[in-house]
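Good morning, colleagues. Please bring up the structure on your screens, and I shall go through its contacts in turn.

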Amino acid sequence: MIQTQGSEGKLFTGGISWETTEEKLKEYFENYGDVVQIVVMGDKTIGRPRGFGFGFGFGFVVFVDPSILNRVLQDKHTIDARTV
């Protein structure tokens, strides 16, 4: 699941795999434009992305240019064999 947050170029990425790292997200989304920040919300006790017990995690991607979000939202995204 991909959602935007305001006009600041911030993108919510839900449904990511526990194997997905910040590096993998950055590498994937840099195909759309310059990325300022990537955050994978992690559970420090188990060392995997936090996912509320559903078997998947979530994170955020922030682009330099907020207008890039329009292109990102038009596409379907699969990262580490998970549709996000």
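Is Lys-24 buried, partly exposed or exposed? Lys-24 is partly exposed, since its relative accessible area is 35%. Before I go further, please bear in mind that this is a predicted model.

I begin with the charged pairs. There are 2 salt bridges in total. In one of them, Lys-24 is paired with Asp-80, and the closest N and O atoms are 3.3 Å apart. Lys-24 belongs to helix H1, whereas Asp-80 sits in the loop between E7 and strand E8 (82-83), so this bridge ties together parts that are 56 residues apart in sequence. Asp-80 is also partly exposed, because its relative accessibility is 30%. The other bridge links Glu-30 with Lys-26, with 3.9 Å between the closest N and O atoms. Here again Glu-30 is partly exposed at 41% relative accessibility, and Lys-26 is partly exposed at 35%.

Which residues have the most contacts inside the largest nonpolar core? They are Leu-11, Leu-25, Phe-29, Val-61, Phe-63 and Val-72, in a core of 15 residues. At least two residues of this core come from each of E2, H1, strand E3 (35-40), strand E6 (57-63) and helix H2 (68-74). Leaving aside residues up to four places away in sequence, Val-61 touches Gly-9, Lys-10, Leu-11, Thr-13, Phe-29, Val-35, Gln-37 and Ile-38.

Next, the aromatic rings. Over the whole structure, 7 aromatic pairs are found. One of them joins Tyr-28 and Tyr-32: the ring centres are 6.4 Å apart and the planes are at 50°, so the pair is tilted. Why does Tyr-28 count as partly exposed, while Tyr-32 counts as buried? The cut-off for buried is under 20% relative accessible area; Tyr-28 has 21%, and Tyr-32 has 13%. These two tyrosines belong to one aromatic cluster together with Phe-29 and Phe-63.

A second pair, Phe-58 with Phe-60, is edge-to-face, with 6.2 Å from centre to centre and 90° between the planes. Both partners are buried: Phe-58 has 11% relative accessibility, and Phe-60 has 16%.

Phe-58 leads us to Ser-17. The two residues are 41 places apart in sequence, yet their C-alpha atoms are 8.4 Å apart in space. Ser-17 lies in the loop between strand E2 (10-16) and helix H1 (22-29), and Ser-17 is buried at 4% relative accessible area. What does the side chain of Ser-17 contact? The Ser-17 side chain makes a polar contact of 2.5 Å with the side chain of Glu-19.

His-77 is buried, with a relative accessibility of 1%. The His-77 side chain reaches the backbone oxygen of Val-72 at 2.7 Å, and Val-72 is one of the residues with the most contacts inside the largest nonpolar core.

Key
Residues numbered from 1 in each chain as written. Predicted model: local features only at pLDDT ≥ 70, side-chain atom pairs only at ≥ 80, totals over all residues. Heavy atoms only, no water. Helix = DSSP H or I, 4+ residues; strand = E, 2+ residues; numbered from the N terminus. Buried < 20%, exposed > 50% of the residue type's maximum accessible area, 1.4 Å probe, protein only. Polar contact = N/O pair within 3.5 Å; in protein donor to acceptor, adjacent residues only side chain to side chain. Core = buried A, V, L, I, M, F, W, Y, C linked by side-chain atoms within 4.5 Å. Contact = heavy atoms within 4.5 Å. Phe/Tyr/Trp six-rings, centres within 6.5 Å; stacked < 30°, edge-to-face > 60°. Salt bridge = Lys/Arg side-chain N within 4 Å of Asp/Glu carboxyl O.
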